[in-house]
Structures are given as structure tokens and as C-alpha cells.
Amino acid sequence: MSEPVIKTEKLTKRFGDFIAADALSFDVMPGEIFGFLGANGAGKTTAMRMLCGLSKPTSGEATVAGYDVYRETDLIKKNIGYMSQKFSLYEDLTVVENIRFYAGIYGLTDKAIREKSEALLDQLGMTHEAKKLVSELPLGWKQKLSFSVAVIHQPKVVFLDEPTGGVDPVTRRQFWDLIYDASDKGMTVFVTTHYMDEAEYCNRVSIMVDGRIDALDSPQNLKKQFSVHSMDEVFYQLARGAKRTAD
Amino acid sequence: MKQLLSFVRKEFHHVFRDRKTLLMLFGLPIVQIILFGFALTNEIKNAKIVVADYSKDFSSRRITDKIEASRYFDVEKNLLSHEEIELAFKEGKIKMAVVFPENFGNDLLHLNKAQIQVIADASDINTATTLTNYVSSIVADYQAQLLVNNSVPYRIMPEVRMLYNPQLKGEHTFIPGMMAMIMMLVCVMMTAISIVREKELGTMEILLVSPFKPMMVIASKLVPYLLISLINITSILLLSYFFLHLPVKGSILLLYAEGLLFILCSLSLGLLISTVSQSQQTAMFGSLMATMLPTLLLSGFMFPIENMPLPLQVISNVVPSKWFNIIVKSIMIKGLGFSAIWKETLIIGGMTVFLLALSYRKFKIRLA
Amino acid sequence: MRTLKFLLQKEFLQIFRNKTLLRSILIAPLMQLIILPWAANYEVKNISLAIVDNDHSGYSQKLATKIFSSGYFKPAGAGLSYREAEKLIESDQADIILEIPPGFERNLVREGQQKLFIAANAINGTKALVGSGYLGGIITGFNSEIRLQWITPPRFNPAPVIEITASNWYNPLMNYKVFMVPGILVMLVTMIGSMMCALNIVKEKEIGTIEQINVTPIRKYHFILGKLIPFWVIGMVVFTLGLVIAWLLYGIVPLGNIGLLYAFLAVYLLAVLGIGLLISTYSTTQQQAMSLSFFFIMIFNLMSGLFTPIESMPGWAQVITQFNPLSYFISVMRMVVLKGSEFSDISHSLLVVSVFAVVLNGWAILNYRKTS
């Protein structure tokens, strides 16, 4: 439990003159639920894309699951799961076909795929919907399914990019149960969100403003530090100083 | 009204921010004019042919010289056997073989009648026909020279005049068709795609729950494409005037009015397609099938309608481009006025109203 | 390998589930092959001829009868004045006017020569030219007939006649459909292959699923192969379907080796899919992909020699056709199907198209890497 699973040191990404992510340094420990907060355009998604091996950093160091983000992106990809704010399942495939596809490309054996999909459908209570097209499912179900598919290969880290956008509070609660479940199994969860109540569920939270990390601690400590009662107020105090506006 | 304007502005941003698409939409007519105007002709130059002269007499040499002198042919004089000629054809090396049989000179001298064998590679009919015609006219020319010596009585001399297009330019025929094609691309396909795209990405729902009339939301999506089409008509007319020296003989105002009507008709078609398709790909292939192909095939722009079998001729009547084609030709080339094209105008107008009504109904049903 | 299996499975599932798309893939070529060869007919026939007979003599009527019995012309109106005939031309009801001046017969006999006036609607240049040519030929024939009537045959020394016997190899009946169908088939395979391939990839970009694919261990070449193979198969199927239609409907059976055709097609499809792939790397929305592919396919089609012969293009345009994969396949199709050409005849084209396939796909893959 000593080695951090995500480790960044002055990680920076520039697009021309624009510094999307400015010298980010933080560690995430195994099994941790790490909240990544910030207003739109603060640089959350950019940071996350670098950690997933989707874009090359301009400078700085970072390792994910022990692999370097410059040279070992292929190995990183084998060891992470990812679920984006955009919808990542194929709407024109059925539930079970989506599960099979993603399990297959992560190299699970046929036997494992069969067992996994049964267990997964069972856990989500979607056994009857197995043959339905994803497009026919309600949004909340899609997102739960999406998450389960993202962790089907039991990755070391799972990245969630605003996973609960647009769903009702009850479904959100159920979604977080899935996240806790994964974390209990030792998976590290790296999650960006808009919802401050969700920030309270995290072990530790970082808040990005204008490409920099302005605060990083557990929700309790942050509230204490800013002497307020909710994460909402913490966020408000920090975001007030932001220069960039969402586009 | 102000709300409508702000919607329209949003659509303009969408359309005009996508530089690549815009470049294609504006570039297409320009490229087409250049290709149709300068590259796609039926006049053949320097076609590789073989002349096999087994007779080697005065006449055959004279005719060969004439063939060589023409810019149509690139002559290779070779005494090839039948098999060798066949091989050359198979390899695609030659397009035609002109064979003077051994007794050609003798026959011409003594029987007053001789034969030249012309073998064309008819796997390309267009080339074959054109080349055969060229050779025929060269030979006919030679004959006429022979004739000059004998003066023939009782001559009927036809005098031929080419109306509207004395230089027999090919560009006349494709300008109207090209306009129609571009409208189909811009007004039908692009419009349908952009509406269905909002459906597909779910942003349409957001627009539809806004306090504005749904039809207004849709109408504002059409405006940029209307503008693009008008620009395209203008660029086609300018290019054809400056590059192809093809002025509009009739009233330009009338041409624009008719163009606008046709644009509206196409937009309603695009609207209709967008209301019945669920995905962008369906909308695309739908518009390809329902508009592009009929315009290309059945509007009389590429292929003459009167040559088609009757069922196709009947079907061609429901293709709006066919009527537009007639209208543009009448105004641009023949210089006729409204009285000559009121029927066609009425037909397109009727189609527009019908299409609009139909898509309005479909739209209502979908919302309900 | 295993990754590829799952990718292919997914693609085929998606393609077969999209019934509308599938229908257009299969029906569009059918329709085109059925309609286009009938429509794409440049043969000049049924020319509407308006005769303005100001002479009303026995000869003028004889001439009219001879013209209409030739089969090339059909009468437009009767007993017309020149003004009326002109109106018919304006409204496209007549293509050519033949005006016989008053005193035609009398002048011909007395003065030994007489003019006739032909006016053709030259908006359709080919029709005007060919039509007036036919008409001229018929008049010449008529001329020699009456000449023979009036002159005692033995005294007249006829002019020498050189006859041209034209034989049209490979398509002796000059059947337009035989000529068009192989070319149209190439056009179809090209359109379907490149557009569908481009749209399919861009759709994943637009919806966002490509993001998900990019964070999985799938390698780029897996992903690209997973996209190429299904559309390669579809291209093969469409082509086969087209050949069957060509055989059933038009009785076209390739003279040459079918295996050779398929071998060429296999390479050609790679090049075409490469175009689609390349377009997809340059587009972010399906609308963009569509307008890009439409633009290029339009140019490829026009510059392919399908509708107008390449030989008739100016030099610069002929250079363009050398960079157009379509023109190679169309000429190979015509060679193999109509002439029975063999491998050695088409080896050069095959080589060029292979180079296209390698360059286009290589370019696309390089570009694909950069954009992600």
C-alpha cells in the first residue's frame, strides 16, 4: 500500500499559448477514491486524457499503475478503465454484445467473458434486458452498465469523466454504490464531477482553477481549512478567483 | 422576430465555422465548371490508331496522309496481321485500325468502288463512334475532292444553321444541371444531415422544449443553406460568363426568382427527409437515393430523356430538377420570358407546397 | 488476433442491425444498374423534325416521305410556317427545322441547283450535329435518285465511291448497356466503399465511442483493420451482386478470367477504402465527411472515362486521370469483361493501383496517429 498508483510531477499541457494544465503534482494511493473537481474549462479533462495515454504531456512526469505516460501508454491502457462524459457504449448493440465486445478486446478468455457477463447482469439486475439494445435503456441504467463495462477487466485504476451527468439523485446514489464496491475490491477510482455532494463521497479531493490545482485534501480537511460547512462553499471560494470562463 | 434572428445567428455560426465543409460546398461548382468546361469534351485528340496499308497505291497514300495530318489521330503505320491487331487492341494500345485491303487501289480505279476497313475498339462506344466518324469525314473529304473534277448537275445543297449555340459548345447543357446538383447537395443533403444530427446528438430535444415554435427552430436551420445556394448560383453564373463566355440571354432577375423557388423546393425536400430519418447516415443515403441519383439520371441533364424507356420518362416527371433544367435553359440560352415557362414554374411551386405540407404533418406527428 | 476477432464481430453486428443502411447498400446498386444503363444513352434517335414546306410540289413531298421513312426522324407538326416551326424549337418540341423554299422543284430543274435550309437546335450539340448529318445524308441520297431519273444512265460517269466498312470489335452491336454496365459497377463499388468507410469511422468520432476505443489496449492497426475488412467484404458482395445483375439483365458475361477481375478488385478495394480512411482522418463530423467524399468522388467519377473518353481530355486533365484509381479499374473492367484481356494486359494498372492502396492507407494511418 506504499507506492502511489498515480504519481504526477509538474505535469503540464500547452496548446499553443494556452496552458490547459499547469504543473500538476499529486499522488493517488491504491484503493483511493480521488475526486477531481473544477469548473468547465479548468483543465480537468485535459489532465485526465494525459493520464489515460490519450494525449502526450508537454512537460513534467507522470506514472499510472507504475507505467510512464510518455513511453508506456500501451501498458497503461491495459491497466486502466475509462468512462467518459460522452456516452461510451454502442447504442446499436445489445447489452450483452457490448459486454462481450469490451471484455473481448481486453483479452478475457471466452469462459471468463461468459462468467463475467452473467455475474455483471446479475449484479445490475439487468438479466432480462440482456438482449435489449442499449439505446432502449434509460440513461441511469446505461451509465451503470457503462461503469461495469469499464471495470470488467479489473483494472488497477478507473477514470470516470463526469459519470453521473444528467441523472437523478437516486440513480446517482446507486452509481456511487458501484464505485464503493470497486474501491473495496482494491481498485483506485479517479473521478471528475460537477456535483459537490459527490465530492463529499471521495476520500480526497483536488480542485482545479485555471489549469492549476488550488486545493488538495480530504473533504473534511478542506472544509476546515476554508472554515465552511459544505464542499459547495469551498468550491465557490476557490472558483471565484477564476479568470477563464467556460466556453 | 428577435428570437428567430438569434436562432438564425446560431445556425450561421454552426455552418460557417465548419470551414472544410464550406470549402467543399463552394468549391464544388467551381471545380465542376472547370472540368465540364475544359476537360470533359467528346472531341478526341491524338488517339492512337494503326493504319495498315496493304494496297500502297496513290489513293490509299493520300488518305493516310490526310489521316496523319489531322490532329485527331496519332498514326502508327504498320503492316500488322489480323492477329497482331487483335493483340494490340487487347492490350489497349490502339483504339482503331484502318485497313486498306490489297485490291483497294485497283478496285477504285477500275470498278469505281473500293472499300476501307475500319476496326474500332467498341468496348468504349463513345470513342469508337467518334473516331469512326472522324475517319468517315476524312474519307468523304477526299471523295469530294475527286468529285470536283466531274461537275455534277441537279445539285441540292443543304445549308445548315445551328440555332442558339452556333459553336456547338457543350457547356450549355450542363450549367442548369450543375445548378440542380448543387442545390440537391446543399439544400437537401446538407440540410437533412444538419437537422438529423441534432436529433442524433440529442440537442434537438433541448431546442424543442424551448419556448419557441418548433417550426421556427427548424426554419432557422434552413436559412444558412439558402444563402449558400444563392451564392453558388451567383458563382456559377459568374464563372460561366467569364470562363465559358456564356451570358444569360434572358432576364437575370427572372432566373434568380426561379432559382429561389427551386431552392425552396429543395429545402422542403430536405426537411421531409430529415423528419423521416433517425440517423445521419440514413438521411445521407436517403437523399442520395431520392434526389442525387434522379437529378443525375432523370433530369435530362446528363442523358436525354427522350431516349429512355417509357416508364423512366414517366418517372422523370416527378423529379423537380427536370423542370428546373427546362426553366434555366429557356432563360439562359434561349432568352425566353416568363410566358414560356409558367407551366414549369407552377409545377415546381406545387411540388414545394406539397412537400412542405407533408413534412409539416410528419413533424407534428413526431412531436405528438 | 483475438482483438481483431471481437472488433470484426462488433462491426458486422452493427452493420447488419442497421437495416436502412443495409438496404441502401444493396438496393442502391441494384437500382442504379437497372436504371442507369437505360438512362445513360447518348445514341441519337427519334429526332423531331419540323418540315416547313413552302413548295408543296411532288418532289418536296417525296423528300419528306423519304426522310421520315428513314427511321431517324419523327415529324413535329404538319403544314407549318417557319414562325410556327421556330416556336416548336423554343418549346423543345422540335429539334431540327427543314425549310423547303418556294419553287424548289422548278429551280432544281431549270437552274440545275437549289438550296435547302436546315436549322438545328444546337443546345444539344451532339444531337444537332448528328441529326443534321443524317438529314444531309438522306438529302444526298434523294439527290442522286432524282439525278438518275433525269439523266440517261449510260452517258453518266458516276463518281468514284469509297465505302467504309466499320467493324466494331468487342461490342459489335454497339450496345450501350454492355459499354456502361461494367463502368457503373466500378463507380458503385467506389462510392459505397469509400463513403461508408469514412462515415462509419467519423460516426464513432462524433458519438464519442472512439474515445473509449482509444483508452483500450486496441492498437491502431487493429482498429483500422477492423474497419477495413467489413467494408472490403461488402465491396466484394456488392460487386458480385452487380455481376449477377449484369448477367441476368443484360446478358453480360465477362469474356476474360473472372478470377483476374476479383484479384484486381481485391487490391482496388484497398485503395478505395484507403480514400475513405483518409477522409475520416480529416473530418470531425459526418457532414464534413460526406461533403469531402462527395467532392472527391464527384471529381473521380467525372474524370474516370466513364462518361466521356479520357482520350478526348486535354493534357492536364489526362494527367489528373492518372492519379484517379477509378480510371484504372474502369479501363480494366472494360478490357477484361468486353475484350477478354489477360493478366499481362492489366499488370501495369494492377501495379499502379497497388501503389495507390499502399500510399493512401499509409497516409491515412500516419494521419490517424497524429490526430489522436
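## Chains A and B

Chain A and chain B are joined by no contact (two residues being in contact if their C-beta atoms, placed from the backbone, lie within 7 Å), and their closest C-alpha atoms lie 10 Å apart. This is a predicted model, in which local features need pLDDT of at least 70 and side-chain atom pairs count only at pLDDT 80 or more, while totals for chains, interfaces and linings use all residues. Residues are numbered from 1 along each chain as its sequence is written, and chains are lettered from A and ligands numbered from 1 in the order in which they are written.

## Chains B and C

Two pairs of chains are in contact, and of these chains B and C share the most contacts. Chain B brings 93 residues to this contact and chain C brings 87 residues. On the side of chain B that touches chain C, helix 6 of chain B gives the most, with 11 residues, where helices (H or I, at least four residues) are DSSP runs numbered from the N terminus.

## Two helices of chain C

Within chain C, the axes of helix 10 (residues 258-282) and helix 11 (residues 286-302) come within 9 Å and cross at roughly 135°, axes being lines fitted to C-alpha atoms, for helices over the stretch in contact, with angles from 0 to 180 degrees between N-to-C directions. Helix 10 of chain C is therefore oblique to helix 11 of chain C, since angles under 35 degrees count as roughly parallel, over 145 as roughly antiparallel, 65 to 115 as roughly perpendicular and the rest as oblique.

The contact is made by C:Ile279, C:Ser280 and C:Tyr282 of helix 10 of chain C, together with C:Ala289, C:Leu292 and C:Ser293 of helix 11 of chain C.
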